[in-house]
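Subject: Structure handover

Hello,

Please find the structure below. My notes on it come after.

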Amino acid sequence: VAVFAAAVLVTILPAQAQQSQSPPERRVVVIGEGSVSVAPDYARIRSGVTTRAKTAKEAAEANTKAIAAITAMLLSAGIEQKDIQTARFSVQPIYVSQQPSNEQKLSGFSVSNQLSVTIRQIGKAGEILDRLVTTGATDVGSVEFLHSDTSKALDQAREAAVADARRKAELYAHASGLALGSVDWITEDSAYSPPMPKAAVRAFDGGSAPVPIAAGEDTLRVRIT
C-alpha cells in the first residue's frame, strides 16, 4: 500500500507543477455599441368620446351614437375594422356640492369610450385626426409612430456593435503590447433594447388647416459585451 501511494504522488506532483508554471490567461473585455435610424411605417391614434347626462342611460346612448359615427367615418376613410379597438370604457357618477360643508349630491353621469386606431398608411395620420374632431371626438390623445418589422435594422445595429467592439479591442491590445486573438464570447445586453416609440401629441382646434404630423425617424440601438 505504501509503495502504491508513493507512485500516485510521483505522478500527480509533476502535473501540478506544470500547471502552476503555465502563463495566466489574458483577455480584453470591451463593450460595443451600434445604432441604426429607421422611419416608422404605421401609426396608432388614441381617440374617443366623453358624454354627460342626468342618467347613465342617457349618457351611454349619446356616447354610443357618437362612437358609431366615428367608427363609420374611420371605415369610410379606409381604416379596417380589425384596426379599430376599444381601449377603455367607463361610466362614472358626477357629484357636486353647493357649499363646502354640505354633502356631495349626484348630478349626473359621465360615459367615456376610448378607441385605439391603427393607421397603416402613415401619411394619412393628419387627415384622420382632422376627421376625428369634425366627426365629434371629444378626446384625442397621443399619436404613436411604430415599426412593423425591426429585425433587419437591428441586425445592422448588431453588426455595427461587433465592429465597434473589435475596434476598441484592437486599440487596447495594441496599447498594451498584446496580440489580439479570436473572439472568445459575445453577449447582447437585453436591458439595452431599442427604445419604445414616444407619443407625439399635437394640439389642434379642428379648423381647416391640416394637422401637422411629422413621423421622423427612430434610432434602434444594440449594445454587446
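Predicted model: local features only at pLDDT ≥ 70, side-chain atom pairs only at ≥ 80, totals over all residues.

Residues are numbered from 1 along each chain as its sequence is written, and side-chain values use heavy atoms, with hydrogens and water left out.

Helix α2

Helices (H or I, at least four residues) and strands (E, at least two) are DSSP runs numbered from the N terminus. Helix α2 takes in residues 56–76, and its end C-alpha atoms are 30 Å apart.

Buried means under 20% relative accessible area, exposed over 50%, and partly exposed in between (1.4 Å probe, protein chains only). The buried residues of α2 are A59, N63, A66, I67, I70, T71, M73 and L74. They sit on the same side of α2, because they cover an arc of only 155° around the axis; the arc is that of the directions from the helix axis to the C-beta atoms. K57, T64, K65 and S76 are exposed, on the face turned away from the buried side. Contact means heavy atoms within 4.5 Å. The cover over the buried residues of α2 includes β2 (42–53), β3 (84–96), β4 (105–119) and α3 (125–135). After α2 comes G78, with a positive phi near 100°.

Cores

A nonpolar core is a set of buried Ala, Val, Leu, Ile, Met, Phe, Trp, Tyr and Cys residues joined through side-chain atoms within 4.5 Å. The largest has 21 residues, and I45, I70, L74, I79, I119, I128 and L132 have the most contacts inside it. β2, α2, β4, α3 and β5 (139–146) each supply at least two residues of this core, and α2 gives the most, with five. A second, separate core of 12 residues includes V36, A153, L220 and I224.

Arginines

R46 is in strand β2 and counts as partly exposed, at 34% relative accessibility. Its C-alpha atom is 8.7 Å from that of E144, 98 residues apart along the chain. R120 lies over the face of Y42, 5.4 Å from the ring centre; the rule is NZ of Lys or CZ of Arg within 6 Å of the ring centre and within 35 degrees of the ring normal.

Regards

Conventions. Expected span 1.5 Å × (residues − 1).
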